[in-house]
Amino acid sequence: MTMDADYSRAADGATGLERDGLTVLGLETSCDETAASVVRLSAAGAQVLSSVIHSQIDDHAAYGGVVPEIAARSHVEMIDGVTRRAMSEAGLDWSGLDGVAATAGPGLVGGVMVGLSYGKAAALARGLPLIAVNHLEGHAVSARLGAETTYPFLLLLVSGGHCQLLEVRGIGDMSRLGTTIDDAAGEAFDKIAKALGLGYPGGPALEKLAAQSRENGGDGSRFELPRALLGRKDCDFSFSGLKTAASRLAQTCETEQDRADLADAVQKAIARQLAERSERAMKAYAEAHENRLFVVAGGVAANKTIRRTLEDLATKHGFAFLAPPMAYCTDNAAMIALAGAERLEKGLTSDIDVAARPRWPLDETRASVDPVHKKTGRKGAKA
């Protein structure tokens, strides 16, 4: 449903597209990347003028995962330099911007506050409108950074913290068709990779190990992994059982080939579940829409096996397939800038006192009336 609770509409309704388009600075600090980007949205589509990302992988590698306090401190240290570099590479000064967009959630709230606070300060100092962006909405529009794409489309958003199927009718207008009832696919990748003794980040390391199984003539099918929610006819996901079973099997692996074969089995099992639920969503979506476009976005969309599996599925059901360029699958600020520009195009801006949110469902109406996670707590509904 429309996500408008934190936005107000500009009184004059001006969009800037009557000139040379809208040029927006985007800031992203929701997890372990400090990112800034400048994107210009015009009638011809989106043009990325700069995209700068400082990764914190080395800061967190020793811990096997992201440490929120370390992430927040790093964002504080890096946000100004990363932003200045993005502006320099775009060849612009502040007078060349039409707005500032910053991730306001969901994510590690300490990190979110850093980027959002910086964005507020920049907007105030330069007299620019502020657009608080839902990080997931950034992923939802990220495929539009690589190709001219029209709404509506069917979206599989698959990342480290989220796994959802959505009908996307436009910016801020999305309906949830299915979501994970426990762990996300990216989380399963990372936790199983850790059980196999792989480095951080685990997803790419597990993909590389699975490739070794195929190269060496291995057989991942010798590992039996559970298939979740087989009796249900909805589009929801569950990766908790797979994560637990694979982590236990990892303890039985004695050779490098055993580990590679298990990695291959895990990758195929995750791809299979994503395909099964997406197929159900495709059938329902096709009954209501003539425009059959299937978009896959989020960090897991960078996995070549999963991308190929889903592309084949789309072809089978008569859907065009689209995924963001690899550079925009994982967290980045270009997608935040684009989402902000699309909102600004509609005249939607945020108040300067907008708060950082650790949770922020794309379909807030359904998340409230039909929460997948029944105990929402003080942070609100998760999905």
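**Exercise 1.** At the start of α9, which side-chain oxygen reaches to the backbone nitrogen of Thr305? Then describe the helix itself.

Solution. This is a predicted model, so we work from its computed coordinates.
- Step 1: look at Asn303; a side-chain oxygen of this residue comes to within 3.1 Å of the backbone nitrogen of Thr305.
- Step 2: follow α9 along residues 304-316; from first C-alpha to last, its 13 residues reach 18 Å, close to the 18 Å expected at 1.5 Å a residue.
- Step 3: pick out the buried residues of α9, which are Thr305, Ile306, Arg307, Leu310, Leu313 and Ala314. Their packing partners include α5 (185-195), α6 (202-215) and α8 (256-288).
- Step 4: step past the helix to Gly318, where phi is positive, near 75°.

**Exercise 2.** Are α5 and α7 roughly parallel or roughly antiparallel?

Solution. 
- Step 1: find the geometry: α5 and α7 (residues 240-250) pack at about 15°, and their axes are 9 Å apart.
- Step 2: angles under 35 degrees count as roughly parallel, so α5 is roughly parallel to α7.
- Step 3: list who touches whom. On α5 the contact uses Glu187, Ala188, Lys191, Ile192 and Ala195, and on α7 it uses Leu242, Lys243, Ala246, Ser247 and Ala250.

**Exercise 3.** Which residue is joined to Pro106 by a cis peptide bond?

Solution. 
- Step 1: most peptide bonds are trans.
- Step 2: the partner is Gly105, with omega about -10°.

How values were computed. Residues numbered from 1 in each chain as written. Predicted model: local features only at pLDDT ≥ 70, side-chain atom pairs only at ≥ 80, totals over all residues. Heavy atoms only, no water. Helix = DSSP H or I, 4+ residues; strand = E, 2+ residues; numbered from the N terminus. Expected span 1.5 Å × (residues − 1). Buried < 20%, exposed > 50% of the residue type's maximum accessible area, 1.4 Å probe, protein only. Contact = heavy atoms within 4.5 Å. Polar contact = N/O pair within 3.5 Å; in protein donor to acceptor, adjacent residues only side chain to side chain. Axes fitted to C-alpha atoms, helices over the stretch in contact; angles between N-to-C directions. Parallel < 35°, antiparallel > 145°, perpendicular 65-115°, else oblique.
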